[in-house]
Amino acid sequence: MNFFKFALKNLIGRPIRTVLTIGGVALAVAVAVSLGGFNQGYKKAIEGSIEQLGFQVMVMAKGCPYEAATLMLKGGTGLLYLPDNAYTQIKEDPDVQAITPIFIGLAEKQNVGIMGDEDEGDGSNAFTIMSGIDLKSFKEMKPWFTFKTGEGYDGGRWFDENATDEIVMGYEVAEYENRKVGDTFYASVTPNGAVEPVMHEFKVVGVLERTGSQDDGSVYIPLKAAQTIFNRPNELTIVGIKLKEFNGIRMREFEGRWLRIPEVQVVSLQQVKGALISLIGTAQIMIAAVAIIAVIVAIIGVINAIMMSVFERMGEIGIMKAVGASRKQVFILIWIETLFLTLIGAIVGCLLAIVGSGAVDTALRYLLNMGVTTDMVDITLPLLVLAVVSAVILGLLAGIWPSLRAANLRPVQAIRSSE
Amino acid sequence: MIQNNEKKVLIKGRNLKRYYYRAAETVKALDGIDIDVFAGESLCILGASGSGKTTLINLLSALDAPTEGELFIDGKNVIGLSENQLVDIRRGVIGYVFQKFHLIPTLSVAENVALPLMFLGMPYSDRDIDVILDSVGLLDRRTHKPSELSGGQMQRVAVARALAVKPKVLIADEPTGNLDKQTGDDVFALFLDLVKQQNIGFILTTHNLELAERCDRVIVLEDGKIIS
Ligand SMILES: Nc1ncnc2c1ncn2[C@@H]1O[C@H](COP(=O)(O)OP(=O)(O)O)[C@@H](O)[C@H]1O
Ligand SMILES: [Mg+2]
C-alpha cells in the first residue's frame with residue numbers, strides 16, 4: 001500500500017461525499033469551460049456568419065449601423081429601404097468586383113393546414129423573411145448554394161426570373177413549414193401604403209441545402225416579384241458588394257465616392273463585426289462574473305468537503321498519528337485526496353462542457369440574439385488543459401487549510417473529539 | 001537491579017503532572033507521578049475509572065505531553081517537544097492498542113496492519129504481514145473489513161498493527177475493556193504470549209485485578225496519584 005492507494009480507498013469508502021464533491025467541482029469546471037469556450041468561439045462565429053454573407057461591404061438606407069448589422073444577420077424588423085438607382089450607379093464603380101441587390105420583406109404565414117380551425121392561432125403571428133434577389137448576381141455572390149435532393153426534393157431549381165408565384169425555400173424554413181418541391185406556400189403581405197394584407201399563393205420550386213447560416217431561414221423570390229408584392233417597385237433593402245481589393249484604404253475611397261447619394265450609408269462588414277464584438281464585450285464582463293462565481297463556489301465547496309471529511313475522520317487521523325504518521329504524511333494524504341477530487345471533478349466537468357456545449361450554444365444564442373448561426377462555443381484542447389490544470393491548482397490551494405488542520409491535531413485530542 | 005539487561009530503564013517519568021483546564025476549574029488528572037518502566041517487563045496500571053490511567057499511559061506513549069515534570073522515553077527528553085517531534089519519539093518505539101480498537105474502517109485487516117509500516121517507510125512484503133496476522137491467529141481474515149470482525153478479532157488486529165513495526169514496548173489502554181470476559185482473557189493471554197516471544201515491554205491499564213495479578217509489576221492509581 002502507498003499513499004495514493006490509501007487516499008483512493010478513503011475516497012471510495014465514502015462514496016456519497018466523494019461523488020458530491022466531484023460533482024461540485026465538475027459543475028464549476030463545466031461552467032468555466034463553457035464560458036471560456038464561448039469567449040474564444042464567438043469571434044470566429046461572428047466572422048463565419050459574416051463570411052457567409054458573401055460580401056464585405058453593403059449599402060443600405062441610413063440608420064444605426066448596429067441595427068444594420070443585426071438586420072443583415074437575422075433579417076430583423078424595422079426595415080429601411082433605399083432607391084434602386086443606387087444599385088445601378090454603384091454597379092459602375094471600378095472597384096466593384098461583384099454586386100447584388102437584395103429586397104427583404106416580412107410576410108405573414110398562413111397555416112393552410114388548420115384553416116378550418118379558427119381557434120388555432122399558433123402560426124398566425126409568425127413571419128417569414130422573404131428575400132427578393134437578382135438571381136444571376138446573387139448566385140455569383142453565394143456560389144455555395146445547392147439544392148437539396150432526395151425524395152420530395154429532387155428536381156429542385158431556381159425560380160424563373162419573371163415568375164411571380166415561384167419560390168425557393170431555405171433549408172430551415174422548408175423543414176419548419178414542412179414543405180417540399182411542388183408544394184404550395186401561402187403568405188400574406190401588407191403592401192406599402194395599404195392597410196389590409198393580401199394573400200399570395202406560391203409554388204415551391206426548390207429547397208436549398210443547409211448552409212449553416214441565416215440564409216437557411218429565408219424564402220427566396222425574384223427581386224421584381226418581391227418589389228411588386230410589397231408595392232415598393234423601385235426600392236431595395238441592401239446592396240451587397242464585393243470589392244476587387246478589400247482593405248481600409250480602398251474601403252474609405254469607396255465609401256467617400258458613394259456617400260454622396262443621400263439617404264444611403266456604406267457599411268463595411270468589418271465595422272459590423274466590430275459592433276457585434278463590442279456588444280459581446282459588455283456581455284463578457286457579466287460572463288466573467290458568472291465564471292468567477294462558479295469557481296469561487298467550487299473552491300468553497302472543495303474546502304468544505306475536505307474540511308467535513310477531516311472533521312468526520314478526526315478519530316481516524318488521530319489513530320494514524322498514533323500509529324506513526326507524521327504531520328507531513330497526514331498533510332500529504334489529505335492533499336492527495338483533494339488532488340483526486342479536483343482532478344476527477346475537472347475531467348468530468350470538461351466532459352460535461354463538451355457534451356453540453358450544444359445546449360450552452362443554443363442558450364447563448366438565444367440570450368444574445370444576433371442571428372449568429374454558427375457555433376459560438378469553441379472548446380479547444382488548450383482550453384480543457386488550462387481548465388484542468390487551474391482546477392487542480394485551485395483545489396490543492398483549497399486543500400491546504402484542511403490538510404494543515406488535520407496534520408496539526410494531537411492524536412489524543414483527535415481521538416477523544418471523535419468519541 | 002537483578003539483571004542488568006532486564007532492568008534497563010525504557011521510560012522514566014518524574015513529578016509528572018497533567019492538568020486539564022476547563023471553563024472554571026482545573027482537573028488535575030495526574031498530580032505528581034514518578035514512574036520507571038523497564039525494558040521487557042509487563043507493567044499494569046490499575047485504577048478505578050477516572051483515576052487518570054488513560055492520561056498517564058498517553059504520556060508514556062508520547063501521544064500527549066505533560067503539563068509539568070520530566071519524561072524520558074527511550075533515553076530522549078520529551079518535555080517541550082512539538083507534536084511533530086513527538087511523532088519521531090513514538091515511531092518504532094511504541095506500539096499502541098486502544099480500548100476501542102480504532103481500526104481504519106475503509107481498510108482491510110491486512111492493510112490496517114501494514115499502515116504503520118507505510119508511515120514509517122519500512123519495506124514489507126505480503127508475506128511479512130501474513131506472518132504477523134498468523135501470530136494473532138487471523139490469517140484467514142486478511143481481506144476482511146473491520147466491520148466484518150468480532151470485538152476480540154478487532155482487538156487482535158489492533159495488536160498485530162501495534163507489533164508490526166517491532167516496537168520496544170507495547171502499550172494498551174484497557175485492551176479488554178470492550179470485550180466479554182472469555183474473549184478478554186484470550187486476548188490478554190495472546191498479549192502476554194507475544195511480548196514474551198518478542199521479548200518486549202508491555203504496559204497496560206485496567207481496573208481488573210485478575211489481569212493485574214498476571215503482570216510482573218502493578219502500579220495503583222487513584223485521583224492522579226500513585227498509591228502503591
Ligand atoms: N481532555 C480532557 N479534558 C478534560 N478533562 C479530562 C480530559 N481527559 C481526561 N479528563 C479528566 O481527567 C480525569 C482522568 O481521566 P482518564 O485519564 O481518562 O481516567 P481513566 O482512564 O482512569 O478512566 C477524569 O476526571 C477525566 O474526566
Ligand atoms: Mg481510560
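Residues are numbered from 1 along each chain as its sequence is written, chains are lettered from A and ligands numbered from 1 in the order in which they are written, and side-chain values use heavy atoms, with hydrogens and water left out. Because the model is predicted, local features need pLDDT of at least 70 and side-chain atom pairs count only at pLDDT 80 or more, whereas totals for chains, interfaces and linings use all residues.

Ligand 1 lies between chains A and B. Its shell holds 13 residues, a residue being near a molecule or strand if one of its heavy atoms lies within 4 Å of it. The closest residues are Arg416(A), Gly50(B), Lys53(B), Thr54(B) and Thr55(B). By residue class, the shell comprises four nonpolar, six polar and three charged members; here Ala, Val, Leu, Ile, Met, Phe, Trp, Tyr, Cys and Pro count as nonpolar, Asp, Glu, Lys and Arg as charged, and the others, Gly among them, as polar.

The largest pocket is the site in which ligand 1 sits. A pocket is defined on a 1 Å grid over the protein atoms alone, as an open set of points where a 1.4 Å probe fits, with protein on both sides within 12 Å along at least five of seven lines; in a cavity the probe fits but cannot get out, and lining residues have an atom within 4 Å of a point. A molecule sits in a pocket if more than half of its atoms lie within 2 Å of its grid points. Strand E2 (26-38) and helix H1 (53-60) of chain B are the elements that give two or more residues to the shell around ligand 1, helices (H or I, at least four residues) and strands (E, at least two) being DSSP runs numbered from the N terminus. H1(B) gives the most, with three residues.

Ile35(B) lies in strand E2 and is buried, with a relative accessible area of 2% (buried means under 20%, exposed over 50%, and partly exposed in between, with a 1.4 Å probe and protein chains only). Ile35(B) and Ile226(B) are separated by 191 residues in sequence and by 9.0 Å in space, C-alpha to C-alpha. Ser61(B) is placed in the loop between H1 and strand E4 (68-73) of chain B, and its relative accessible area is 1%, so Ser61(B) is buried. A polar atom of the Ser61(B) side chain lies 2.7 Å from the backbone oxygen of Ile57(B).

In chain A, Gln329(A) belongs to helix H11 (residues 327-367) and counts as buried at 12% relative accessibility. The side chain of Gln329(A) makes a polar contact of 2.7 Å with the side chain of Arg91(B). Gly132(A), in strand E4 (residues 127-133) of chain A, is buried with a relative accessible area of 0%. Between Gly132(A) and Lys224(A), 92 residues apart in sequence, the C-alpha to C-alpha distance is 7.2 Å. Thr100(A) is found in strand E3 (residues 96-109) of chain A and is buried, with a relative accessible area of 1%. Its C-alpha atom is separated by 8.5 Å from that of Ile238(A), 138 residues away along the chain.

Backbone geometry was also considered. Most residues other than glycine have a negative phi. Asn15(B), in strand E1 (residues 9-21) of chain B, has a positive phi near 50° and counts as partly exposed at 35% relative accessibility. Asp223(B) likewise has a positive phi, near 45°. The loop between strand E9 (217-222) and strand E10 (225-226) of chain B holds Asp223(B), which counts as exposed at 60% relative accessibility.

Methods:
A polar contact is a pair of N or O atoms within 3.5 Å; within protein, one must be able to donate a hydrogen and the other to accept it, and residues adjacent in sequence count only if both atoms are side-chain atoms.
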